[in-house]
Amino acid sequence: MAVVQAKPELVQAAPQVPRVDERLMKPGKYEITKDTTFTVDIHLRLKEGRWLIMTGPGKGIDSHKAVFRMWTYDEMVELKKMAMSYDVNKRMHTMDQDALNRFKVQRFLMSWTFDKDNPRLKIHHVGGIMTDESWKAFVELQPNISTYILDEMNKVYEFNG
Amino acid sequence: MNSTAEKVARKEWERVTEPDKVRVKVKVTWWNGMCLPDEEGKDIEEAVFSVLTFGDNHVIEKAVAYEEDVGNGRTTVKVLELNEYKRLIVKKNLLSWTLDIPIERDEQGWMRPKCYERVSSIPAPLMEAFLDGYEESIAITDAEERKIDRQSAILFSPSGHGVVDACEAVSLFCTLGNFWEKFGLDKNKLPTVPYREYLLMKIMMGKEGDSMRVKTHSKASTTMIAGAHGSRPSRGISIPM
């Protein structure tokens, strides 16, 4: 007589829910959070219709701030992957620095004070990334201002402050 | 004691006592609540990596390689995604560090995804500094390669009698080759041999090498030179075939 074997009980794998203590635990002191920011100070003086970058605040000088969030290692890898391409003629990898700068600004520029007097320069984010319209506002700044902001930003991202 | 000499000695000691680990120390400074590398920093953070083995490199290279068309699609070249390569090094080879994020690994030795999530959230420049230090332990510099070229040309030339001040590659090749051939001592056992015994064995191997060279050079030439008073053996250089 055929014996019907009982079905073996399927062992349910425990869902990978983080432990309560892990969920409650605050990030360690080395971890980047949304509050891990640095500020780029921009001091401008108007001369003959052009804005000049000054070294510090003073009389007749407009002072502005741009606040960036620090990038994590994983974010750096992702952005560099997007900005890097392989040059088949030179047989080497090349980094598109302009593209990388754009990615950095769109991902990490949290706020600035240029929108105080001009709401058109207000920065908007969707899903944590600056909108293309806001990027347009950034590139419409005088080139010496935007270049200065990018240089100061890269001093932190690439040269450790 | 000279602090540079001590640093070198400590590094070498770590290499001998922990041949499967690479310790990378980075000077850091806290700035704006961020821990960033700083050559003049007073604090030091340390990361311990496992030595990159042939197997690690093979697995990681396979995972990050892709093909690029060359010559309008006539052929392809294999290209490595370098950023991804480094990321996999972190997942595979970072063992521990002084940062307050514990490193957890699965049964296969890879970093757990949850753990990597936290590890990868440290400031990018700090991880880059650790990885740069790790890369230094693997890289063969241009100067080293030039030295290897020069010394191996002398070593393997027909009239070569060895090289003075051998570089690491030549020294490894000769020492490990000889010790394995003569005494069956491999790369892992050699550092544990008492130094006096090592010296004695090395002296004897040198003596043996000298005597073999003498034997080779003292062979009388079979070429005869004809002269006015008969013929004599050639005094020319005999080149071993």
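# A walk through chains A and B

Start with helix α1 of chain B: of its 15 residues, the number buried is 0, so it lies largely in the open. Here a residue is called buried if 20 or more other C-beta atoms lie within 10 Å of its own, exposed if 12 or fewer, and partly exposed in between, with C-beta atoms placed from the backbone. To find α1(B), select residues 3-17; the helix reaches 20 Å from its first C-alpha to its last, close to the 21 Å expected at 1.5 Å a residue. That expected span is 1.5 Å times one less than the number of residues. Helices (H or I, at least four residues) and strands (E, at least two) are DSSP runs, numbered from the N terminus.

Before moving on, note that this is a predicted model, in which local features need pLDDT of at least 70, side-chain atom pairs count only at pLDDT 80 or more, and totals for chains, interfaces and linings use all residues. Residues are numbered from 1 along each chain as its sequence is written, while chains are lettered from A and ligands numbered from 1 in the order in which they are written.

**Stop 1: the two domains of chain B**

Colour residues 3-138 of chain B as domain 1 and residues 142-219 as domain 2; such bounds come from an automatic or database domain assignment. The centres of the two domains, taken over C-alpha atoms, are 33 Å apart.

**Stop 2: the open sheet of chain B**

Next, look for 4 strands of chain B in the order β2-β1-β3-β6, an open sheet with antiparallel pairing. Two strands count as paired if DSSP finds at least two bridges between them. At the edges, each pairing on one side only, are β2 (34-37) and β6 (94-97) of chain B. On average, neighbouring strands of this sheet are turned by 40° against each other, direction ignored. For such angles, axes are lines fitted to C-alpha atoms, for helices over the stretch in contact, and angles run from 0 to 180 degrees between N-to-C directions.

Select residues 43-50 of chain B to see β3(B), which pairs with β6(B) in the antiparallel sense over 3 bridges. Ala47(B) stands opposite Trp97(B) there.

**Stop 3: a hairpin**

Now select 65-70 and 75-80 of chain B, the strands β4 and β5, which pair in the antiparallel sense over 6 bridges. They form a hairpin with 4 residues between them, and Gly71(B) in the turn has a positive phi of about 60°. Across the pair, Tyr66(B) faces Val79(B). β4(B) is hardly covered: among its 6 residues the count of buried ones is 0.

**Stop 4: where the chains meet**

Show both chains together. The contact takes 28 residues from chain B and 24 residues from chain A; two residues are in contact if their C-beta atoms, placed from the backbone, lie within 7 Å. On the chain B side, the elements giving two or more residues include β4, α4 (113-119) and α5 (124-138). The residues on that side divide into 15 nonpolar, 5 polar and 8 charged. Ala, Val, Leu, Ile, Met, Phe, Trp, Tyr, Cys and Pro count as nonpolar, Asp, Glu, Lys and Arg as charged, and the others, Gly among them, as polar.

Zoom in on Arg118(B), in helix α4 of chain B. Is Arg118(B) buried or exposed? Arg118(B) is buried, with 21 other C-beta atoms within 10 Å. Not counting residues up to four places away in sequence, Arg118(B) touches Glu31(A) and Ile101(B).

**Stop 5: chain A**

Chain A has 5 helices and 8 strands, and buried residues make up 17% of its 161 residues. Here too 4 strands form an open antiparallel sheet in the order β2-β1-β3-β6. The edge strands are β2 and β6 (109-112) of chain A, and neighbouring strands are turned by 30° on average, direction ignored.

Within that sheet, 5 bridges join β1(A) to the antiparallel β2(A), and Lys47(A) has Arg50(A) in β2(A) as its bridge partner.

**Stop 6**

Most residues other than glycine have a negative phi. Glu48(A), in the loop between β1 (37-47) and β2 (50-54) of chain A, has a positive phi of about 50°. With 5 C-beta neighbours inside 10 Å, Glu48(A) counts as exposed.

Finish at Arg91(A), in the loop between β4 (84-87) and β5 (92-95) of chain A. Phi of Arg91(A) is near 55°, a positive value, and with 11 C-beta neighbours inside 10 Å, Arg91(A) counts as exposed.
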